[in-house]
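Dear colleague,

Please find the structure below, with its sequence. My notes on it follow directly after.

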Amino acid sequence: MFDSTMALLVQGYAWLPDRRRRSRGRPVHTRLMGKDTVALHGPEAVRFFYDESHVQRQGALPGPLLDTLFGRGAVHTLDGPQHRVRKALFMSLLKDREGLASLADHLGAEWGRARERWAGDDEVVLFDEAGLLLTRAVCAWSGIPRTEDKARRTARDLLAMVDGFASPGPRHLRARRARARQEAWLARQVEAVRNGREKAPAGSVLATAAAHADADGQPLDAHTAAVEILNVIRPTVAVTWFLTFAAHALHRRPEHRELLAGGDTAHARAFAHEVRRFYPFAPFVGGLATTDLRWDGQDIRAGSMVLLDLYGQNHDPGLWPEPYTFDPGRFLGREPGRDELVPQGGGDPAANHRCPGEDVTLTVLETLIPRLAALRYDVPAQDLRIPLRRIPTAPRSGFVLRPRR
């Protein structure tokens with residue numbers, strides 16, 4: 001088999017769906033970075049993939065991904081009891097209703113401050129402003145002190161980590177340097193909390209990570225605690241991509257603006273789900289086959305890379321009628337099945353590797369999309385194309401808006 005790494009870099013999000021079409025819906029067999037690879041698709045494949053007896057994460061994530069997006073020693077690299085104990089740290093923070101309500105309050109307050117600031121600007125690049133707004137909100141919620149200048153630098157670093165994880169060259173180097181800076185600073189904060197030089201709010205992300213004991217009963221070392229703090233705040237700031245896509249959707253489908261601005265909570269949730277389904281975010285997730293496996297009549301050798309097709313599943317006409325039509329109505333009156341809508345992976349977040357921050361993503365979108373819909377602005381001429389060759393992608397202009405006075 002030919003190695004498909006270069007094809008993936010060139011085709012981006014279209015690579016795996018294109019390979020699946022050519023394989024006539026069967027599992028895709030290829031090689032990535034010199035490794036035998038099998039790509040799976042569909043809700044049944046989600047359940048197969050997230051079974052730890054089939055697929056493991058330890059050793060699966062390449063170094064460049066750890067050095068940009070997730071961090072060395074992160075929860076994403078663990079399996080079995082170690083993973084479950086570390087995952088409990090995130091479940092306690094990201095699934096708590098009171099905590100999510102507190103995050104929504106911080107988001108609302110930061111949106112108000114941003115609106116005041118935008119009132120004096122001729123034009124605003126929403127992508128940049130959303131990244132700063134989310135950084136301020138999640139850092140305040142997490143108990144992480146940030147001055148104004150520090151918040152701006154942190155926002156740039158957090159966005160750079162996501163923007164550069166899948167690209168060789170300058171974007172990747174910026175992402176590595178950004179992660180190294182933030183890990184070092186947060187490790188010092190953890191040590192300051194532990195030795196009493198700083199006080200973290202009770203129940204905050206900083207306090208919880210500093211106090212967390214792993215499966216061996218020992219506290220996390222300061223660096224690993226910093227990695228996991230970043231794995232709370234970095235994905236929250238990554239919702240910048242979805243919020244920018246939401247602005248794009250409102251521009252293309254303005255008929256939704258009135259309902260959203262009027263406080264229709266059911267429509268806001270449906271709109272958030274459809275933004276996550278329709279627009280590209282993660283193309284796939286991967287792990288290693290724990291043993292020789294068989295799926296859909298195909299053999300998967302132990303140690304092979306196993307990919308789960310996320311972008312393709314979210315645009316599968318067998319699951320979503322007219323999948324390339326933006327239609328929040330498909331989610332009105334119903335929540336998507338657990339393994340049906342998979343922009344951030346599938347499975348059970350309490351039991352396996354599904355992202356526990358999905359509720360945070362929805363909280364951010366359900367809080368800010370109605371406010372965005374109520375904002376009075378014009379959209380000047382700009383390049384709003386979303387290149388599918390780029391991972392992660394966004395409107396090329398970052399979505400420029402012109403606030404009305």
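Helices H8 (residues 148-163) and H11 (222-237) are roughly perpendicular to each other, because their packing angle of about 80° falls in the range of 65 to 115 degrees that carries this name (under 35 degrees counts as roughly parallel, over 145 as roughly antiparallel, and the rest as oblique). Their axes lie 9 Å apart. Such axes are lines fitted to C-alpha atoms, for helices over the stretch in contact, and the angles run from 0 to 180 degrees between N-to-C directions. In general, two packed helices are described by the angle between their axes and the distance between the axes. From H8, the residues that make the contact are Leu158, Leu159, Met161 and Val162; from H11, they are Leu230, Ile233, Arg234 and Val237. Contact here means heavy atoms within 4.5 Å. Sorted by class, these are seven nonpolar, no polar and one charged residues. The nonpolar class holds Ala, Val, Leu, Ile, Met, Phe, Trp, Tyr, Cys and Pro, the charged class Asp, Glu, Lys and Arg, and the polar class the others, Gly among them.

Please note that this is a predicted model, in which local features need pLDDT of at least 70 and side-chain atom pairs count only at pLDDT 80 or more, while totals for chains, interfaces and linings use all residues. Residues are numbered from 1 along each chain as its sequence is written, and side-chain values use heavy atoms, with hydrogens and water left out. Helices (H or I, at least four residues) and strands (E, at least two) are DSSP runs, numbered from the N terminus.

The next topic is the sheet. It is open, has five strands in the order E1-E2-E8-E5-E3, and its pairing is mixed. Two strands pair if DSSP finds at least two bridges between them. At the edges are E1 (28-32) and E3, each of which pairs on one side only.

Which way do the side chains of E1 point? Buried means under 20% relative accessible area, exposed over 50%, and partly exposed in between (1.4 Å probe, protein chains only).

E1 is joined to E2 by five bridges in the antiparallel sense; Thr30 has Thr37 as its bridge partner, and Leu32 has Lys35. Two residues lie between the strands of this hairpin, where Met33 takes a positive phi near 50°. On to E8, E2 runs parallel and is joined by four bridges, with Thr37 opposite Met305.

E5 (residues 284-289) pairs with E8 (residues 305-309) over five antiparallel bridges, and Gly287 stands opposite Val306. E5 is also joined to E3 (residues 55-56) by two bridges, again antiparallel, and Val55 is partnered by Ala289. Five of the six residues of E5 are buried. Helix H2 (residues 15-22) lies across E1, E2, E5 and E8, at about 140° to E1.

Finally, where is Asp214? Asp214 sits in the loop between H10 (205-211) and H11. Asp214 counts as buried because its relative accessibility is 17%. Its side chain makes a polar contact with that of Arg86, at 2.7 Å. A polar contact is a pair of N or O atoms within 3.5 Å; within protein, one must be able to donate a hydrogen and the other to accept it, and residues adjacent in sequence count only if both atoms are side-chain atoms. Apart from neighbours within four places in sequence, Asp214 is in contact with Gln82, Val85, Arg86 and Leu220.

Yours sincerely
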